[in-house]
Amino acid sequence: MLLETIKAPADIKKLSQPELKQLAAEIREGILNRDSLIGGHVGPNLGIVETIIALHYVFDTPHDKIVYDVSHQCYPHKMLTGRWKGFFDTAEIQKISGYTNPEESEYDNFIIGHTSTSVSLATGLAKARDLRGETHKVIALIGDGSLSGGEALEGLSNAAVLNSNILIIVNDNEMSIAENHGGIYTNLRLLRETNGKAECNMFKALGFDYHYVADGNVQEDMIKILQELKDVKKPTVLHIHTLKGKGYKPAEENKERWHWSLPFDLKTGNITVDLSGENYNDITYNFLYERHLKDKNLAILTAGTPGAFGLTAERRASFGENYIDVGIAEEHAIAMSSAMAKGGCRPVFMVFSSFLQRTYDQLSQDLAMNNNPAVILVFNGGINGMDATHLGTFDIPLVSNIPNMVYLAPTGKEEYLAMLNWGLKQTKHPVVIRVPLAVTRGGQPQEDYSELNRFQVVRKGSKVAVLALGSFFELGASVADKLKEQGIEATLINPRYITGLDEKLLTELAAGHQVVITLENGALAGGFGEKIAAFYGATPVKVLNYGAAKEFSDRVPYPELAQRYRLTPEQIAADVSAVLK
């Protein structure tokens with residue numbers, strides 16, 4: 001295998017054109033092998049192989065700096081920089097992140113897992129180089145819809161006036177994660193259709209030199225153009241047209257399905273993990289679809305990731321013009337939702353916890369300060385074993401400390417649907433709902449949540465009170481059961497509201513309880529439990545807060561994190577016993 005001979009990118013420069021084609025085939029084999037075993041980005045990596053080979057063939061990395069947007073397209077780069085075993089050797093696969101990470105290799109310049117950042121980061125590297133009087137090259141590779149993100153446009157605007165070497169490669173595979181949305185892609189299509197010759201050219205309008213390659217999967221063409229552009233003296237855009245999923249027929253034919261995949265069978269393409277059972281994607285769609293049939297003011301918004309919420313092309317089409325994909329632009333989605341609510345519609349914006357982080361100013365200024373009744377559904381919020389870039393632990397501190405916001409934490413399906421129904425009926429507040437991670441037993445739902453910050457007592461007891469928030473309610477019930485084995489009949493409470501305290505109930509608890517436990521499936525710092533601890537600060541009540549530490553955990557399995565954070569019923573019960581003694 002040729003890859004075994006590539007100890008560093010310099011070794012690529014010694015290969016002939018036939019050998020480079022063999023190398024590309026081996027890289028595609030590695031991508032498919034890894035993704036079929038553990039899941040990962042399929043189509044983006046398959047489509048960019050020739051470009052990344054050419055980059056390392058022409059440029060002198062790591063002296064020259066390449067920044068990969070989102071890292072959706074970094075697998076070939078990793079294989080060419082000494083990490084190929086992480087794609088072929090089952091013992092090595094879990095050691096390699098799906099994203100760039102300088103701790104893995106000097107060839108990776110940044111930890112990147114969120115979109116639209118590459119041009120800004122590359123602009124910073126180029127400016128630092130210029131100020132220091134250095135001469136290395138700086139390249140940004142951006143694609144998969146990332147141009148629709150606001151930071152990408154901010155980066156382009158500022159990169160265009162650097163007046164020095166920076167090369168921005170726009171990988172145009174005609175797709176975002178799903179289909180493209182937004183006027184930017186109208187111009188990209190025009191440029192493709194005119195072989196890059198259209199007078200209407202947004203890159204030229206910004207001040208870039210512009211070049212176009214009609215088939216970025218032709219190795220010789222990519223090497224040739226990069227050699228021509230290697231020593232550019234001013235900001236330059238290289239627009240390349242590639243085939244997303246190239247080399248794997250299912251990925252070529254169904255680009256959206258194969259942007260990212262769970263583990264699958266290489267021959268059939270079938271997912272090899274069990275996806276049976278009820279899930280909140282289906283629950284949410286079924287509820288919203290039925291409501292849409294009766295309420296034409298209902299609007300569903302996503303930001304470039306509809307598949308994450310089970311919104312297939314068929315499901316998106318079922319909402320007609322009431323479905324809006326804004327591209328990878330969560331900030332815009334929040335502001336647009338606020339304005340749609342102001343205009344009399346009932347917008348529902350669906351977003352991952354880790355992507356909500358991009359929207360803090362819009363949540364605060366555009367939405368909460370204006371107190372418009374938009375509904376935001378936060379998925380994948382909770383402690384997980386994902387890469388550090390996709391953790392779901394920070395949304396509680398982020399949202400819960402913004403005035404006017406009502407952040408709800410349902411414990412199960414019935415309560416979730418009741419809260420969603422109320423959120424769409426009420427007109428006084430922006431409502432955010434933290435969608436539970438799994439369909440489990442929950443609290444007792446009610447129809448009206450207008451009396452804010454009223455916690456629900458599920459079991460009455462004494463000495464110890466367990467406040468188990470949202471998806472940690474089941475853990476709270478298990479803790480109460482474990483304490484009962486020790487002769488302690490604990491009070492079990494479903495807080496429901498993340499953004500406020502039930503001060504009346506908390507005051508009453510102080511009369512008959514010595515210990516209050518808080519459980520939250522997220523970061524403790526700035527979170528729900530700390531507010532409870534602050535409330536009891538001047539009282540004899542002892543408060544034990546349980547949740548995630550303030551850290552960027554990286555691919556740590558949940559059971560290991562649960563042990564680290566003392567989130568097992570046995571550990572919590574032991575802590576309570578120690579305090580009571």
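Trainee: Which residue's side chain makes a polar contact with the side chain of D395 at 2.6 Å, besides the one in R434?

Mentor: Keep in mind that we're looking at a predicted model. D395 sits in helix α17, residues 395–400, and its side chain has a polar contact of 2.6 Å with the side chain of R434.

Trainee: Is D395 buried or exposed?

Mentor: Buried means under 20% relative accessible area. D395 touches S353, L356, V378, G381, S400, Y407 and R434, leaving aside residues up to four places away in sequence. Its relative accessibility is 1%, so D395 counts as buried.

Trainee: Y407 was on that contact list. Which residue is the bridge partner of Y407 in β13?

Mentor: Start with the strands: β12 covers 406–408, and 3 bridges link β12 to β13 (residues 431–434), with the two running parallel. In β13, Y407 has as its bridge partner V432.

Trainee: What is the strand order in the open sheet?

Mentor: Work in from the edges, where β9 (323–325) and β12 each pair on one side only. The twist averages 20° from one strand to the next. The sheet has 6 strands with parallel pairing, and the order is β9-β8-β10-β11-β13-β12.

Trainee: At about what angle does helix α14 run to β10?

Mentor: Helix α14 takes in residues 330–342 and lies across β8, β9, β10 and β11. Of those, β10 is the stretch 346–352, and the angle between α14 and β10 is about 160°.

Trainee: How many residues are in the largest nonpolar core?

Mentor: In soluble globular proteins, nonpolar side chains tend to be buried together. Here, the residues with the most contacts inside the largest core are L288, L363, I376, L377 and L467. I376, for one, touches residues including I334, F349, V351 and L363. The largest nonpolar core has 72 residues.

Trainee: Which helix gives the largest share of this core?

Mentor: That share is 6 residues, out of a core of 72 residues. Apart from that core lies another, of 48 residues, with L3, F87, L167 and V213 among them. The helix you want spans residues 413–425 and is α18.

Trainee: How far apart are the end C-alpha atoms of helix α19?

Mentor: Helix α19 has 13 residues, and at 1.5 Å a residue it should span 18 Å. The model agrees with that, because the end C-alpha atoms are apart by 19 Å.

Trainee: Which α helix do the buried residues of α19 pack against?

Mentor: Those buried residues are F473, L475, G476, A477, V479, A480 and L483. They pack against strands β14, β15, β16 and β17 as well as a helix. That helix, residues 569–580, is α23.

Trainee: Last one: which residue does a cis peptide bond join to T61?

Mentor: Look in the loop between α3 (49–58) and β2 (65–68). Omega for this bond is about 5°, and the residue joined to T61 is P62.

How values were computed: Residues numbered from 1 in each chain as written. Predicted model: local features only at pLDDT ≥ 70, side-chain atom pairs only at ≥ 80, totals over all residues. Heavy atoms only, no water. Helix = DSSP H or I, 4+ residues; strand = E, 2+ residues; numbered from the N terminus. Buried < 20%, exposed > 50% of the residue type's maximum accessible area, 1.4 Å probe, protein only. Polar contact = N/O pair within 3.5 Å; in protein donor to acceptor, adjacent residues only side chain to side chain. Contact = heavy atoms within 4.5 Å. Core = buried A, V, L, I, M, F, W, Y, C linked by side-chain atoms within 4.5 Å. Expected span 1.5 Å × (residues − 1). Pairing = 2+ DSSP bridges. Axes fitted to C-alpha atoms, helices over the stretch in contact; angles between N-to-C directions.
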